[in-house]
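Visitor: I have a structure open and would like to go through it piece by piece. Can we start with the pocket?

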Amino acid sequence: MCTRFFGQKRAFSKFLQISSQVKEALANGEGVVALESTVITHGLPYPHNLSTAKSLEQKVRSSGSHPATIALFDGKIHVGLDDEKLEKLASSKTAKEIGGTTVASTMKIAHAAGISVFATGGIGGVHRGADQTFDISADLQELSKTPVCVVCSGVKSILDIPKTVEYLETHSVNCVVYGIQNDFPSFFTQKSGSRAQFSTEKLEEVVQLLKTSKSLGLPYGTILACPIPEKYAADGDVIQKAINQAVREAIEQKIASQSVTPFILSRVNELTQGASMKTNIALLENNASIAGKLAAKLVDRRPITVTHPQPSTSSPRKPKVVSIGAAIVDFEAITTEYLKEDGASYNGQVVQRMGGVARNHADALGRLGCDSIFISAIGDDQNGQFFRQHSDRFDTNRVKVVPHKPTCTYLAVNVRGNVKYGIVTCEPLLSCLTSSLIESNEDALESADFILLDANLPVPVMTRALEIAKKHEKQVWFEPTDIEKVKKVFDTGMVGAVTAASPNANEFLKWAKLCHVSVDPSVIDSADSVLELIEKEKTKLLLNTSVFVVTLSNKGSAVAYRNKLGQLEYQSLPPPLHMDKIISVSGAGDSFNSGVIAGLVHNKTVVESLQIGQECARLTLQSTLAASEAISSHLLA
C-alpha cells in the first residue's frame, strides 16, 4: 500500500504546481489546509464566490495554518493560489484551461502534495434510490483509499444519510462528530439521527486518531463532521424545510440523475430568498477555521503530542501546567497512639508545611519537570511569608497578595496514618478571588498544556476558568477536594469542559448523585465494584472526561480512561503503599494526580502516566510534606 501511494505522488509530480508559500510551510513542518475550488466555480455566484474564497483562506490563517486552494490552470494542478488566480477562477466561465476541483479530486491532489487536512462544505454521498440507480458519489470511494482528514458539515439531507454513513463504516473510513453529541450532521441541520464512530470536543483526540492511522499505514480517510454553529441552527431548520419541499417537487416533476442536485439547490435558494447561501458560507467558514486549528495541532511538536524540535544549543521546552486554587498553610498533628475522647494528651508530632490542593499540584508538577504556574491568593501576613519561603519549585508571580486578609490555614489530626478530621479557614481570603483574576491571566491558560482546578475556588471564578479553557481547547483536571464542594463544578454549567476528574470514595458517591445515578454506598468497598458501575453508567458518570480516577484509600483506585482511539478502558490500581508504612496521607492524592498529568504532557501513555502517579503517591505517603521532596523528573525516565 505504501508503495502505491509513493507511485501516485510521483505520477502527480509533473502536473503539480505548488506555490512557494505552501512549499515553504510544508518544508517547515507547519499546518496546511487544502481548500477545494468547486465552490468557487460552481457553488456560489460572482462576486460572492470570490469574497468567500478569500474569507476561507483568512479563516485558515487566523487558526494558525496556511491555506492551499486547489484548482486547474493551463493543464496544471495548482496547489495554493494567489489573488490574481482566485479572481480569474471566480470570474471566468470554466473552460478547458480553467477548472475547479471536487471533494474527491481535492483529496487525491492534497495527499499527493503532502497535505493531510482538507476543509469543505459537505461531502457527496449515497443518493436516494441508489438501490435502483447505483448513484454513489466518488467522494466516498476516494475516502476509502486516501488518508486525508476531510473537515465538513456532513452531507446534505437530499442524500440518503444512513446509507452514506453505513458505506463509510463498511469501507473503514473514520467518521468523527466534532461536538458533545454523537449525531452526524446533515449540513444545514445539526442532527441527522445517524451516528458516527464517536464524538469529541477535543481536536487533540482527532490528532491522535490521525497519527495512529498513519503509524499503522492505513490508507483510509477520516471525516471530521462539524455541526452547523448554534447561531445558524434556526436558519438551518428553515432551509431544511425548503429542501424537503424541493425534493418533493423534483420527484413530482420526475427530475432524475445528475439534474437532481442542481435543481434542488437552485429551488432551495429561491424558497429561502437567498438565506441558504448565507448559511452555506457560514458553514464553509466554520469548517475552514476548525480545519486550520486541526492542521496546526497535527504538526504541533509540543510534548503532549510529539517531541518539540529545538536547536542543539538550546534546552527542550518544558510542558506548561497551570494550577488554580487554594494556597493553604497546613498544620498536622500526627500520632500512632490510639486516641480516646477523654481530653488527654498523646505523644506525637506537630508539623507545619505548605498545603492547598492546587498548590500541592503546582509543587509536584514543578518537581516533575514541568513549567508549573500557580494562580491563587495569599494574605499579607506571616503565613503568606511562609508560603513565599516554600515555593521555589513553581512560578508564583501570578499569586495575588490580599491586604488585611489572613492566608488560608488548615489543621489536620492524623491518627495512625488516617486523617480523622480537619479544620480549615479559607473563606475570608477565597471570597476575595474574582473572575478578573482569571481573565488577567488568560495568557497563561491559553499557552498551557494542561490546567488544574481545585474546588476551593468560588463558583464564578471556576466558571470563568472553564470558559477560557474551553475557548482555547485546553485539557482541564478537576480535583473536588471535599464532598461538599463536588457540586461546585456542576453549578458552573461547564462540567462538560472538564477532561479529567479525581474524586475520592465519598466524593464519587456525591458525583454520582449529581449525575442522577442511583448508587448503593457499598459500591465503594472495592475498585472492581466502582468500575462495574462506571462501565454500566458511563454516559452519565463520565460526561466528557477522558481520565476519571476514583481513589479508595487502602482499597486502591478505580480508573476509567479513553485510549488514543477514543475507546474506554478500565483499570484498578492497588494502594501505592501498605498502610503500616504510611507516615501521612496529606497530599498523596495530589501527588498522584500530578504524576499522571506530568506523564501525559511528557507524551507518556495513560498506563505509563498512572504508574508515575502511583510512585509519586508512594513517596508522599512516606513524607510529612504534601509533595515529597523525592519526587523528581527522574520518575519520567
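This is a predicted model: local features need pLDDT of at least 70, side-chain atom pairs count only at pLDDT 80 or more; totals for chains, interfaces and linings use all residues.

Guide: The lining of its largest pocket divides into 22 nonpolar, 19 polar and nine charged residues.

Visitor: How much space lies in the largest pocket?

Guide: About 1,600 Å³. Of the 50 residues lining the largest pocket, Val419, Thr481, Asn504, Glu507 and Val585 are the closest to its centre.

Visitor: Which element gives the largest share of the lining?

Guide: That is S17, with six residues. Strand S17 covers 418-425. Other elements that each supply at least two residues include strand S12 (328-335), strand S16 (408-415), helix H14 (357-367) and helix H21 (505-514).

Visitor: Is H14 mostly covered or exposed?

Guide: Mostly covered: eleven of its eleven residues are buried. Among them are the charged residues Arg359, Asp363 and Arg367, along with Asn360 and His361.

Visitor: What follows H14?

Guide: Glycine 369 follows H14, and its phi is positive, near 80°.

Visitor: Back to Thr481. Where is threonine 481 placed?

Guide: Threonine 481 sits in the loop between strand S19 (476-479) and helix H20 (487-491). Its phi is near 70°, a positive value in a residue other than glycine.

Visitor: And why does threonine 481 count as partly exposed?

Guide: Because its relative accessible area is 22%, and partly exposed covers the range between the 20% limit for buried and the 50% limit for exposed.

Visitor: Which other residue has a positive phi, near 55°?

Guide: Lysine 254, which is also a residue other than glycine. Lysine 254 lies in the loop between helix H11 (233-252) and helix H12 (260-271).

Visitor: Is lysine 254 buried or exposed?

Guide: Lysine 254 counts as exposed, because its relative accessibility is 73% and exposed means over 50%.

Visitor: New topic. How is the protein chain divided into domains?

Guide: Domain 1 spans 4-298, while domain 2 is made of 320-498 + 576-636. Taken over C-alpha atoms, the centres of domain 1 and domain 2 are separated by 46 Å.

Visitor: How many residues has the largest nonpolar core?

Guide: It has 57 residues, and those with the most contacts inside it are Ile324, Leu453, Leu466, Phe508, Trp511, Ile534 and Leu541. Helix H19 (residues 459-471) gives the largest share of this core, six residues. There is also a second, separate core of 53 residues, which includes Ala34, Phe187, Ala225 and Ala242.

Visitor: What is leucine 466 in contact with?

Guide: Leaving aside neighbours within four places in sequence, leucine 466 is in contact with Leu453, Val476, Val489, Thr492, Met494, Ala497 and Val498.

Visitor: Where is threonine 463, and what does it touch?

Guide: Threonine 463 is in helix H19. Not counting residues up to four places away in sequence, threonine 463 touches Thr492 and Met494. Both of these residues are also on the list for leucine 466.

Visitor: Why does threonine 463 count as buried?

Guide: Threonine 463 has 14% relative accessibility, and buried means under 20%, so threonine 463 counts as buried.

Visitor: Last one. Is the peptide bond from tyrosine 46 to proline 47 cis or trans?

Guide: That bond is cis, with omega near 5°. Proline 47 is in the loop between helix H3 (38-43) and helix H4 (48-62).

Note on methods: Residues are numbered from 1 along each chain as its sequence is written. Side-chain values use heavy atoms; hydrogens and water are left out. On a 1 Å grid over the protein atoms alone, a cavity is a set of points where a 1.4 Å probe fits but cannot get out, and a pocket is an open set with protein on both sides within 12 Å along at least five of seven lines; lining residues have an atom within 4 Å of a point. Grid points are joined across faces, edges and corners, and a volume is the space filled by probe spheres set on the points. Helices (H or I, at least four residues) and strands (E, at least two) are DSSP runs, numbered from the N terminus. Buried means under 20% relative accessible area, exposed over 50%, partly exposed in between (1.4 Å probe, protein chains only). Domain bounds come from an automatic or database domain assignment. A nonpolar core is a set of buried Ala, Val, Leu, Ile, Met, Phe, Trp, Tyr and Cys residues joined through side-chain atoms within 4.5 Å. Contact means heavy atoms within 4.5 Å.
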